[in-house]
Protein chains: 2
Amino acid sequence: MSIEPPFLLFLGDASDPLSAKTAFGLYHWRPNDCLGQYRLPGCKITLGLPDRTPLEAKLLGASTLVLGLANSGGVLSDKWVPAIVEAIEAGLDIASGLHQELNSVDTIREAAAKYNRILHDVRRPSRFFSTGKGAWREGKRLLTVGTDCSIGKNYTALAIEREMKGRGFDVDYRATGQTGILISGNGVPLDAVPVDFVSGAAEWLSPEADDNHWDVIEGQASLFHPSYAGLTLGLIHGSQPDAFVVCHEPGRKTMRGVDYPLPSLENVISEVTKVGQLTNPRTTCIGLSINTSKMSDPRARSYLDRLAREFRIPAVDPMRFGCEEIVDQIESCFPKRKAP
Amino acid sequence: MSIEPPFLLFLGDASDPLSAKTAFGLYHWRPNDCLGQYRLPGCKITLGLPDRTPLEAKLLGASTLVLGLANSGGVLSDKWVPAIVEAIEAGLDIASGLHQELNSVDTIREAAAKYNRILHDVRRPSRFFSTGKGAWREGKRLLTVGTDCSIGKNYTALAIEREMKGRGFDVDYRATGQTGILISGNGVPLDAVPVDFVSGAAEWLSPEADDNHWDVIEGQASLFHPSYAGLTLGLIHGSQPDAFVVCHEPGRKTMRGVDYPLPSLENVISEVTKVGQLTNPRTTCIGLSINTSKMSDPRARSYLDRLAREFRIPAVDPMRFGCEEIVDQIESCFPKRKAP
């Protein structure tokens, strides 16, 4: 898959930053490839990028309009179609992370054919997978998990990969969702894989490797989310993580999209450990990644310190204070083996 | 979906009864619709039905060749293709429960077009689903779960439904796999649903109903199977069972297709209860369904008695001794509410 930058990020009529997490993620991790945002009337959020029409963006060099939206069910809203067609007519390719395929909409498909533009559906798995084998694979794997959806699993994985790369680790980030795939240019849109093959897809994504090699795998959903827990469980089993990091946002009252309370950190750690032991008996929680953006600096620091003492593992906010302590923990729990 | 009987059951080159569980199930539950079996050289199993070629079966009135096979990954073997084409040429429709679609094979697709025959892929979901909502629904639900795949979850559900019907319950059997769909004529091939929608599909399949209505839902896989546990978890969450029955086959050494031991009944009961409580806090194990086919009658009786005493719930072999005690348990745990 090669989706050509620079990007114009489409925010549609989004009213909630979480529903545009793909746009936020792409801009955060590839800022130099994003040259504007395109919003519809009623849109209540901003990336802080200049507002551009597709034609303006094209004249500035943009190649692709990215649908930066992630709604429940991944449906393409009728309200967005005219804007997408407008972008095609302006000469842009389209990239979408929605479940519903771009070419399922007649006017989009016809415009793309007429103007010879490419429609990228990054959430359509591009291959078939085997069922999971549950067999042991050499190499090290870190998985991010969370108390909820949209709670920092992808940012945490990307931050840890960046820090590990900086320290000279042999490490690969493995995207499992549309945002991560758009950021890194590859991966598996795991939530769109037929459930029979989800752990097999996770095995394929993090294959056998050298004993000192790390895959840092983007987590999905939550073992405690009534809509998506099957995805999380299949990912845990297939990725057989040696280490996992629990992501959380204090103050969030209910899980995303449903009227359920968030599970406690204790419950997540103990249940992920328990189910993870099925395919990796040594799986262990090596850190907590907390979104402290709603706290003052001193309050965030003291909150993280308290968690670190309570759970006896590093507690970080990778976006605010970095994630050095988590990579320290990796170095201390998993000393590199020297070549014989 | 209307797949026309009578059926000729295709066993291919199967060497293991479990790999032909669809054929066995269809013949067991719809014997009057099955008029023969069609086997390739090397096939080591039999249903006890007469062997017929497609042409012989057609002359006897058969309408559909059913691929009664269920291999890991649901792949259509090259070895079966000539036999399928032969059946099409003889004037039969084809019904398949494999993941791989019949029309993905050129020669099959072309033969069906030429001879104007229907290709039924019962494992292709025929609709889109919403994501699970986790919301409470009126009505009662019973789910079968198991220590492994292919261990009696479907037969147990069908036997319980039959016994409940006999006692005048308002009850529906809900198929979640290819065999159940072929037997009952409807249902959702849950393992082929994109994982994001698996609990939503289970919710759709067992909708809100009258308080005295029961859905008896065919279980899938096992919470402890490294290949498929995500499917089981999504089904548990979506079906929010009031009651569940654990299916087991004593003496089975490893889980189907992988080198993993089976979990204990205790572990299955406690873990299904725990994860099930997320969407139904009152979920409870009301019985054990044991495949005792490898035991003598007295040994089977004493084994079931011992389990019933140990777990303080009925333990039955529905195929051998019926499942009256389980339905007794349903009547005692869930007394019918009278209309006011």
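Me: Two residues are in contact if their C-beta atoms, placed from the backbone, lie within 7 Å. Which residues of H8(A) and H8(B) meet?

Reply: Bearing in mind that this is a predicted model, A:Ala229, A:Gly230, A:Leu231, A:Leu233, A:Gly234 and A:His237 in H8(A) meet B:Ala229, B:Gly230, B:Leu231, B:Leu233, B:Gly234 and B:His237 in H8(B).

Me: What angle do H8(A) and H8(B) make, and how far apart are their axes?

Reply: Helix H8 of chain A, residues 229-239, packs with H8(B) at an angle of about 160°, and their axes are 7 Å apart. Angles over 145 degrees count as roughly antiparallel, and H8(A) and H8(B) are therefore roughly antiparallel to each other.

Me: And which hand does the crossing of H8(A) and H8(B) have?

Reply: H8(A) passes H8(B) in a right-handed crossing.

Me: OK, zooming out to the whole contact between the chains, how many residues does each of them put in?

Reply: Chain B contributes 31 residues to the contact and chain A contributes 31 residues. On the side of chain B that touches chain A, helix H7 (198-205) and helix H8 (229-239) of chain B each supply at least two residues, and H8(B) gives the most, with 6 residues.

Me: How do the residues on that side of chain B divide by class?

Reply: The side of chain B that touches chain A divides into 14 nonpolar, 14 polar and 3 charged residues.

Me: Switching to chain A by itself, how many helices and strands are there, and what box do its C-alpha atoms fill?

Reply: Chain A has 12 helices and 11 strands, and its C-alpha atoms fill a box of roughly 55 × 45 × 40 Å when this is taken along the principal axes. A compact globule with 340 residues would have a radius of gyration near 20 Å, and chain A, which has 20 Å, agrees with that.

Me: What's the strand order in the open sheet of 5 strands in chain A?

Reply: The order is E2-E1-E3-E4-E5, with parallel pairing. Strand E2 (34-39) and strand E5 (119-121) of chain A are the edge strands, each of which pairs on one side only. On average, neighbouring strands of this sheet are turned by 20° against each other, with direction ignored.

Me: Over in chain B, what's the order in the open sheet of 6 strands?

Reply: That open sheet has the order E7-E8-E6-E9-E10-E11, again with parallel pairing, and its edge strands are E7 (171-174) and E11 (315-316) of chain B. Within the sheet, strand E6 (residues 140-146) and strand E8 (residues 214-217) of chain B run parallel and are joined by 4 bridges, and B:Leu142 stands opposite B:Val216 in E8(B). Helix H12 (residues 324-333) of chain B packs on this sheet, where it touches strand E9 (243-248), strand E10 (284-290) and E11 of chain B, and its direction makes about 175° with that of E10(B).

Me: Back in chain A, at what angle do H5 and H12 pack?

Reply: Helix H5 (residues 153-166) and helix H12 (residues 324-333) of chain A pack at an angle of about 65°, with their axes 9 Å apart, and H5(A) passes H12(A) in a right-handed crossing. The contact is made by A:Ile160, A:Glu163 and A:Met164 of H5(A) together with A:Glu324, A:Ile326 and A:Val327 of H12(A), and by class these are 4 nonpolar, no polar and 2 charged residues.

Note on methods: Residues numbered from 1 in each chain as written. Chains lettered and ligands numbered in written order. Predicted model: local features only at pLDDT ≥ 70, side-chain atom pairs only at ≥ 80, totals over all residues. Nonpolar A, V, L, I, M, F, W, Y, C, P; charged D, E, K, R; others polar. Axes fitted to C-alpha atoms, helices over the stretch in contact; angles between N-to-C directions. Parallel < 35°, antiparallel > 145°, perpendicular 65-115°, else oblique. Left-handed = near helix turned anticlockwise from the far one by under 90°. Pairing = 2+ DSSP bridges. Rg over C-alpha atoms; globule rule 2.2 N^0.38 Å.
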